[in-house]
Amino acid sequence: VFLIPYILVALTGGIPIFFLEISLGQFMKAGGIKVWNIAPLFKGLGYASMVIIFFCNTYYIMVLVWGAYYLGHSFSSPLPWGTCNNTWNTPNCSVSSGPQTGTNATSSNATQGYLPGSQSPIVEFWE
């Protein structure tokens, strides 16, 4: 559902503005900040676009760092989210004893062997 409006906005807005900035930059022999000095109304547009790019890149780098952090932790043994012997665990942390057999429990925690009121070390690590 998101892909259709994304492609529509990219085709009608993003690509034409990209080509406008590229062609203006070649015509004026200027970069992304100075190219918008063509009209007094657009003088701050170059700086605003650089600020937006800075914040978008910072967000994207943080997403990549989270992925690298969890990828690095997944190679350790034992896994940090597999035990309750960590500094971030609460007293309610409980390691699962495996699936219970022969019960009619409807809760997902009850079917995995967790006591009521306790949390998995996985939940505590990710939250």
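Predicted model: local features only at pLDDT ≥ 70, side-chain atom pairs only at ≥ 80, totals over all residues.
**Entry 1: a patch on the surface**

I found a nonpolar surface patch of about 980 Å², made by Phe 2, Leu 3, Tyr 6, Ile 7, Leu 11, Ile 15, Phe 18, Phe 19 and Ile 22. I picked one of these residues, Ile 7, and looked up where it sits: Ile 7 belongs to helix 1. Is Ile 7 buried, exposed or partly exposed? I got a relative accessible area of 41%, so Ile 7 is partly exposed.

**Entry 2: the whole protein**

Next I stepped back to see the overall plan. How many helices and strands does the protein have? I counted four helices and zero strands. Reading from the N terminus, I wrote the order down as α-α-α-α. I noted that helix 1 covers 3-28, helix 2 covers 45-73, helix 3 covers 108-111 and helix 4 covers 121-126.

Then I looked at the totals. The protein has 127 residues, and 13% of them count as buried. It exposes about 10000 Å², with carbon and sulfur atoms supplying 71% of that area. I also checked contacts between residues at least 6 apart in sequence: 34% of these join residues at least 24 apart.

**Entry 3: the disulfide**

I went looking for cysteine pairs and found that the structure holds one disulfide. Which residues form the disulfide? The partners are Cys 84 and Cys 93, and I read 2.0 Å between their sulfur atoms. I then checked the turn about the S-S bond, which is -75 degrees, making the link of Cys 84 and Cys 93 left-handed.

I compared the cover on the two partners. Cys 84 has 23% relative accessibility, so I put it down as partly exposed. Cys 93 comes out at 14%, and because buried means under 20%, I put Cys 93 down as buried. While I was on cysteines, I looked up Cys 56 too: its relative accessibility is 46%, so it counts as partly exposed.

**Entry 4: Thr 83**

I moved to Thr 83, which I found in the loop between helix 2 and helix 3. Its relative accessibility is 24%, so Thr 83 counts as partly exposed. Which residues does Thr 83 touch, leaving aside its neighbours within four places in sequence? My list reads Asn 89, Val 95 and Pro 121. I also took the C-alpha separation of Thr 83 and Ser 96: these residues are 13 apart along the chain, and the atoms are separated by 9.7 Å.

Pro 78 sits in the loop between helix 2 and helix 3.

For phi, I noted Lys 29, a residue other than glycine whose value is positive, near 55 degrees. Lys 29 lies in the loop between helix 1 and helix 2. Is Lys 29 buried or exposed? I read a relative accessible area of 77%, so Lys 29 is exposed.

**Entry 5: Ser 120**

My last stop was Ser 120, in the loop between helix 3 and helix 4. With 10% relative accessibility, Ser 120 counts as buried. What does the side chain of Ser 120 reach? I traced it to the backbone nitrogen of Ile 122, at 3.0 Å.

Notes
Residues numbered from 1 in each chain as written. Heavy atoms only, no water. Helix = DSSP H or I, 4+ residues; strand = E, 2+ residues; numbered from the N terminus. Buried < 20%, exposed > 50% of the residue type's maximum accessible area, 1.4 Å probe, protein only. Disulfide = S-S within 2.5 Å. Contact = heavy atoms within 4.5 Å. Areas by Shrake-Rupley, 256 points an atom, 1.4 Å probe, with all protein chains shown as cover. Patch = residues over 30% accessible without salt bridge, like charges linked within 9 Å, V, L, I, M, F, W, Y side chains within 5 Å. Salt bridge = Lys/Arg side-chain N within 4 Å of Asp/Glu carboxyl O. Polar contact = N/O pair within 3.5 Å; in protein donor to acceptor, adjacent residues only side chain to side chain.
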